[in-house]
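Morning, everyone. I'll walk through one structure today, and I'll keep it quick. Please have a look at it first.

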Amino acid sequence: MARVLINVPRSARRGDVITIRTLIQHTMETGYRPNAQGDVMPRDIIRRFTCTYDGAVVFSAELSPAIAANPFLSFTTVATSSGTVTMTWEGDNGFAQTETRAIEVT
Amino acid sequence: MKRLLALLLLALPASAQDRRSGFEDMARETQAMQRDDMQNPGMLWVAEGEDRFNRDCTACHSEASMRGVAARYPAWDEATGAPIDLAGRISACVERHQRVAPPARESQPLLALTAYVAHQSRGLPISRPSDPRLAPALEQGRALYGERRGQLDLSCVQCHDDNAGRRLAGSTIPQAHPTGYPLYRLEWQGVGSLQRRLRGCMTGVRSEPFAYGAAEYVALELFLNDRAAGMLLETPAVRP
């Protein structure tokens, strides 16, 4: 499991715009760089990030080899109801990680 | 004359010098990345170090007991009768007290533990190495810092004192204060130690760097800390 830092507000008022921020440890190896022996290292990147809020996708992103290691993502959504924010990262070599956070909306 | 001025400057109290952390020389975006723990990838290493510390070290230490430790390293190590840096201290603890093989220099576990321990001192001033037993190593560090090396025949002084603030290729030459280590370097795409940084400067002038863990690095670090005494620790810093 990759180490992640996630910032989802624990609580918000209905209608508030909330900011969700994520940072994940990942090499994001481009697939273009040679190693010390001169062989090109195979690509190993996160390809897709998806965030759902109570089952509905509120944000998703396609990541490319040009994105630096340990990608940081920040996006906003509107607090609608108490529920679960689910974040999924998927990538090369079967990389898949899902994290959830609860949010209470009053 | 320049030499004389340099000596005079050294004789002044630290606060009288216009010292600036490499932080000040960075682009605003990079500064923002360091300031915000959520955006600072170095915090991923600190979080890993915290898990390791809670698993392997709390039988004998507490988080609170680590506060201020990084600010007074390198320190004298009684067991070996030599100065030791923080990463060396942690390795020694694993070897002597936990009785398992110590993590290799620059390995992820050691960087994570060192980042975590040093992070407990963030915001604290670097203390001047005052233990008299450290004096010979401190002087060795001072000499190494002034010594020309490599095919480019340059000393640390020539870049970091004589030309600090000026540009070398794309980068601003910082004053070389070791305030943020271990730190996240964008160029490395990861966290690295002060020794890794020093190796970079040594290969930069096309000289053979010392091996990881060499006494010369500890000596240089002692001198850099003496020079930076009173400046605040930033671990984990971010640098370009």
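Let me start with a question: which residue is the bridge partner of A:Thr86 in β8(A)? It is A:Thr100. Keep in mind that this is a predicted model.

That pair belongs to a longer run of pairing. Strand β7 of chain A, residues 83–91, and β8(A) are joined by 8 bridges in the antiparallel sense. The two strands form a hairpin with 4 residues between them. In that hairpin, A:Asn93 has a positive phi, near 55 degrees.

Now the other partner of β8. Strand β2 of chain A is residues 11–12, and β8 of chain A is residues 96–105. These two run parallel, joined by 2 bridges. Here A:Ser11 sits opposite A:Glu104. As a reminder, strands of a sheet pair through backbone hydrogen bonds, either parallel or antiparallel.

Next, the open sheet in chain A. There are 3 strands, in the order β1-β3-β6, and the pairing is antiparallel. Which strands are at the edges? They are β1, residues 4–7, and β6, residues 72–78, each pairing on one side only. From one strand to the next, the twist averages 15 degrees.

What does the record say? An unreviewed UniProt entry annotates residues 9–100 of chain A as "domain: Sulphur oxidation protein SoxZ". In the model, that stretch is 0% helix and 50% strand. Its end C-alpha atoms are 12 Å apart.

Now a loop residue. A:Arg33 lies between β3 and β4 of chain A, with β4 at 46–53. Is A:Arg33 buried or partly exposed? Its relative accessibility is 45%, so A:Arg33 counts as partly exposed. The side chain of A:Arg33 makes a polar contact with the side chain of A:Glu29, at 2.8 Å. Setting aside neighbours within four places in sequence, A:Arg33 also touches A:Asp39, A:Val40 and A:Met41. A:Arg43 is 10 residues from A:Arg33 in sequence, and the C-alpha distance is 8.9 Å.

Last stop, chain B. B:Ser121 is in a loop too, between α5 (108–119) and α6 (135–146). Buried or exposed? B:Ser121 has a relative accessible area of 0%, so this serine is buried. What does B:Ser121 touch, beyond residues up to four places away in sequence? Its contacts are B:Met66, B:Arg67, B:Gly68, B:Val69, B:Ala70, B:Ala71 and B:Leu233.

That's my tour. Thanks.

Key: Residues numbered from 1 in each chain as written. Chains lettered and ligands numbered in written order. Predicted model: local features only at pLDDT ≥ 70, side-chain atom pairs only at ≥ 80, totals over all residues. Heavy atoms only, no water. Pairing = 2+ DSSP bridges. Axes fitted to C-alpha atoms, helices over the stretch in contact; angles between N-to-C directions. Buried < 20%, exposed > 50% of the residue type's maximum accessible area, 1.4 Å probe, protein only. Contact = heavy atoms within 4.5 Å. Polar contact = N/O pair within 3.5 Å; in protein donor to acceptor, adjacent residues only side chain to side chain. UniProt positions renumbered as here; feature names shortened; annotations may be inferred.
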